[in-house]
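Below is a short report on a predicted two-chain model. It covers the contact between the chains, then features within them.

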Amino acid sequence: MVETLGILGAGKLGTVLGQLAIAAGYRVLIAGSGSSAKIELTIETLVPGAVPTTASDVYQQANIIILAIPLGKYQNLSPSALAGKLVIDAMNYWWEVDGPRPDLTDPRHSSSELVAHFLKKSHVIKAFNHMGYHDLFDEARPQGQAKRKAIAIVGDEHEYVKKTAEIVDRFGFEPFYAGPLAEGIRMEPGSAVFGANVEKNELKKLLARFEETKRGQMVLQARGINFK
Amino acid sequence: MVDPQKIVFGLDSFGDLPTDENGNLMTQAQAIRQVVTEAELADRLGVNVIALGEHHRPEYAISSPDTVLAGIATRTRHIKLASGVTVLSSDDPVRVYERFATLDALSNGRAQVVIGRGSFTEPFPLYGYDLSDYDLLFEEKIELFSKLLDEKPVTWSGKTRAALDGIEVFPKTEKGRLDTQVAVGGSPESVVRAARYGFPMILAIIGGSPRRFVPYVKLYQKASQKFGTKAYPVGIHSHGVIADSDAEAVELAWKHTRKSLARVGKERGWVPMSREQFEQEVKQGSIYAGAPETVAQRLAATIKLLNAGRFELAYGAGELSVQARLHMIELYATKVIPRVREILAEG
Ligand SMILES: NC(=O)c1ccc[n+]([C@@H]2O[C@H](COP(=O)([O-])OP(=O)(O)OC[C@H]3O[C@@H](n4cnc5c(N)ncnc54)[C@H](OP(=O)(O)O)[C@@H]3O)[C@@H](O)[C@H]2O)c1
């Protein structure tokens with residue numbers, strides 16, 4: 001059966017992930033913040049095969065939903081409509097877009113934990129956030145091909161991590177499980193992984209280097225001994 | 001395909017601070033005068049456009065491109081004088097019109113406004129704008145600016161600036177319209193907007209394969225069709241270093257272009273490009289570094305791929321030496337540009 005995948009956000013990342021999803025054989029629905037008419041031409045041209053629609057339609061039709069909207073807008077999402085769904089969070093705090101938002105950069109938790117806390121009844125997994133959209137476009141390679149680039153995944157529920165890994169794999173990347181959602185902070189802007197377009201072994205090393213970064217130090221300090 | 005003889009070739013600068021013959025970093029004032037010297041050279045050698053970007057950062061000297069362009073105007077004859085870009089969101093469309101119409105007068109019709117949203121945030125706090133109005137500011141200001149371009153009395157109202165009620169703005173240009181283009185990054189929405197206003201579009205391609213932009217060109221064309229506006233061949237802006245040998249150019253690009261990209265990336269929490277990624281960019285991405293023949297081949301391929309009508313080389317990124325910059329301009333004008341035209345003419 002063809003699985004339906006919904007993407008919220010029809011911008012740079014949303015359209016590239018849409019292209020990868022179509023190539024992987026999913027049925028793809030994409031929504032921006034407004035009407036479907038607003039994005040119709042864009043989707044028809046950049047992501048042929050995908051259905052331009054509204055966020056509420058995505059909520060209704062898809063059980064797997066990728067978040068590719070500005071992080072600062074996560075509270076516009078509907079927790080009830082997303083209940084029970086696999087929600088893949090690809091969002092990052094970006095000060096140019098989100099403005100000063102200390103809540104989104106609080107070193108005590110990862111931004112995905114905030115999203116998960118807001119979407120209480122969803123299964124929130126973080127993936128696709130650390131690679132630039134042009135690299136995602138350029139580097140996708142079919143399954144089985146050597147030297148595929150790796151995408152880090154964090155999440156708390158094994159079943160949904162596995163499902164996300166399958167999607168990452170089908171999109172053209174090597175999935176790498178990097179721990180529970182709290183560890184998502186290792187993939188955020190300022191980490192050694194952010195912007196990384198590398199193979200699995202290298203990704204593993206970069207993830208481990210977090211404590212050496214300025215951001216890592218800040219996080220350690222804020223979290224005291226609780227940090228792994 | 002665009003007639004290879006008609007393709008417009010430009011040089012882009014943000015006023016990066018170069019090093020002088022003793023290896024010392026120039027002051028910002030010197031860097032500005034250096035750009036004027038370089039524009040004079042480019043004009044003499046037949047480069048079609050010099051485009052100057054607006055930044056408000058220590059490593060770039062140019063915050064007022066139109067003032068520098070005015071200086072260049074009085075010392076050059078043919079070269080078009082463009083911004084790259086004028087950050088319309090944090091500027092006043094009326095002032096932008098006035099400044100560029102003035103430049104157009106000074107230069108006998110050689111001014112070009114390239115408007116964009118800009119990829120830096122400094123102008124927002126600097127001029128007292130709220131970043132959260134990012135979209136609204138640009139949307140309203142491009143609307144007003146496009147009305148001003150008709151050079152007739154303008155009536156406009158919005159949230160981001162005082163309303164105009166049948167106001168005329170001066171000076172009028174001799175052509176009756178300022179040459180205007182829109183620069184876009186990777187946002188599909190911006191592509192559609194450029195088409196909606198019927199402006200020529202310049203793609204800022206600063207990373208990854210140019211192939212990625214093929215659908216964007218299609219989107220621009222389709223959107224123009226839908227809005228009943230004219231779709232122009234697109235322009236491309238990318239970084240590059242040209243030197244006598246491939247090895248020399250690649251090392252200079254690694255040392256300077258990559259470093260300046262990394263500096264900007266760092267503020268956004270991006271890890272710097274690895275050597276492997278950099279070489280990929282040089283081989284088939286968006287850094288055009290090499291000897292003239294290498295760069296010409298790559299440029300011709302990109303221009304063909306996107307059926308472009310204009311290419312702008314950001315030539316001075318980082319702290320390249322003055323000599324390297326001047327030599328690059330010479331190689332670009334006398335070797336690369338004619339060679340690209342030749343390759344394209346061969347089909
Ligand atoms: N760009 C990258 O390379 C990259 C890589 C990895 C992760 N990311 C992350 O991905 C997210 C999107 O980035 P982007 O670069 O793609 O930004 P973008 O080009 O500005 O696109 C953002 C999209 O989100 C839509 N949107 C905003 N609020 C929405 C809502 N409540 N519901 C549905 N759609 C909404 C916008 O639609 P409207 O235009 O209608 O508002 C727009 O289509 C960000 O969190 C970013 O950090 C980006």
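K222(B) and E44(A) join their side chains in a salt bridge, with N and O 3.1 Å apart; the term stands for a side-chain nitrogen of Lys or Arg within 4 Å of a carboxyl oxygen of Asp or Glu. Across the interface of chain B and chain A, the rule finds one salt bridge. This is a predicted model, in which local features need pLDDT of at least 70 and side-chain atom pairs count only at pLDDT 80 or more, while totals for chains, interfaces and linings use all residues. Residues are numbered from 1 along each chain as its sequence is written, chains are lettered from A and ligands numbered from 1 in the order in which they are written, and side-chain values use heavy atoms, with hydrogens and water left out.

The interface draws 28 residues from chain A and 26 residues from chain B, where contact means heavy atoms within 4.5 Å. About 2,500 Å² is buried between chain B and chain A, 61% of it on carbon and sulfur atoms. Buried area is the accessible area (1.4 Å probe) that two parts lose on being put together, summed over both. Of the area that chain B buries against chain A, R212(B), R268(B) and W270(B) supply 23%, more than any other three residues.

Over all chains, the structure holds 40 salt bridges. One of them links E267(B) to R57(B), with the closest N and O atoms 2.8 Å apart. E267(B) belongs to helix α8 (residues 246–267) of chain B and R57(B) to the loop between β2 (49–52) and α2 of chain B, so the pair ties together parts that are 210 residues apart in sequence. Helices (H or I, at least four residues) and strands (E, at least two) are DSSP runs, numbered from the N terminus.

In chain B, helix α2 (residues 65–73) packs against helix α3 (residues 93–106) at an angle of about 10 degrees, with the axes 9 Å apart. The axes are lines fitted to C-alpha atoms, for helices over the stretch in contact, and angles run from 0 to 180 degrees between N-to-C directions. That makes α2(B) roughly parallel to α3(B), a term for angles under 35 degrees. From α2(B), D66(B), L69(B), A70(B) and A73(B) meet R99(B), F100(B), L103(B) and L106(B) of α3(B). The residues of this contact of α2(B) with α3(B) divide into six nonpolar, no polar and two charged.

| Site | Backbone feature | Loop of chain B |
|---|---|---|
| G84(B)–V85(B) | cis peptide bond, omega about 10 degrees | V85(B): between β3 (80–83) and β4 (86–87) |
| F170(B)–P171(B) | cis peptide bond, omega about 0 degrees | P171(B): between β7 (164–167) and β8 (179–184) |
| N108(B) | positive phi, near 55 degrees, in a residue other than glycine | N108(B): between α3 and β5 (111–116) |

UniProt, in an unreviewed entry, lists "domain: Luciferase-like" for residues 21–301 of chain B. That span of chain B is 44% helix and 16% strand, and its end C-alpha atoms lie 35 Å apart.

Note on methods: Parallel < 35°, antiparallel > 145°, perpendicular 65-115°, else oblique. Nonpolar A, V, L, I, M, F, W, Y, C, P; charged D, E, K, R; others polar. UniProt positions renumbered as here; feature names shortened; annotations may be inferred.
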